[in-house]
Amino acid sequence: METAEHTTINLCGEELDPESKRLLTKTATWAKFLAMVGFTFLGLFIVGVLSIAIVAGVSDSYAESMSYMYDYMSGTIIWIYVCTCLIVSFIYFFPLYYLYRFSVRMKQAIPENNQVALIDAFRFLSKHYAFIGVLTLIMLFLLTIALINVFVAMV
């Protein structure tokens, strides 16, 4: 239950005008669409990775029974790939979740003129961008390390 003190939405000390409300609602709609598409592709990606794991398990047992010269490394590489993909999927879930929660809370805040929901929506949007920013910094760091290794290997 919201109290009567949360009846108007204020941003920077001013009440939001109808155009701002319309644009925030439109933004929330697109954010929800992008989050849902992201969740869908994430689910399909996980199903695909698990399918590869199942096929690799069947192929490994079949190859072992058919050949004395079975290469164990090929199975290991597939499992490393599957585990890496599952870890990436787990990491990718969080920005999608934050984006989805932003859209849901924003769509609640605008029609109800709910300041608490508005703050909560912007909190989720902030978490979304912070997560993407930290992930970008980590990827840039890893890319830099990889490039340094390539240059060192060339010398």
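How many disulfides does the structure hold?

Mentor: This is a predicted model, where local features need pLDDT of at least 70, side-chain atom pairs count only at pLDDT 80 or more, and totals for chains, interfaces and linings use all residues. Residues are numbered from 1 along each chain as its sequence is written, and side-chain values use heavy atoms, with hydrogens and water left out.

The structure holds 0 disulfides. A disulfide here is a pair of cysteine sulfur atoms within 2.5 Å. Take Cys 83: its closest cysteine sulfur is in Cys 85, 9.5 Å away, so the gap is too far for a bond. Seen from Cys 85, the closest cysteine sulfur is that of Cys 83, again at 9.5 Å and too far for a bond.

Their exposure comes next. Buried means under 20% relative accessible area, exposed over 50%, and partly exposed in between (1.4 Å probe, protein chains only). Cys 83 has 42%, so this residue is partly exposed. Cys 85 has 8%, so this residue is buried.

Now Ser 103. Ser 103 lies in helix α2, residues 72-112. Helices are DSSP runs (H or I, at least four residues), numbered from the N terminus. Ser 103 counts as buried because its relative accessibility is 0%. Leaving aside residues up to four places away in sequence, Ser 103 touches Ala 28, Ala 31 and Lys 32. Contact means heavy atoms within 4.5 Å.

Last, Ile 148. This residue sits in helix α3, residues 115-154. With a relative accessible area of 46%, Ile 148 is partly exposed.

Key:
Helix = DSSP H or I, 4+ residues; strand = E, 2+ residues; numbered from the N terminus.
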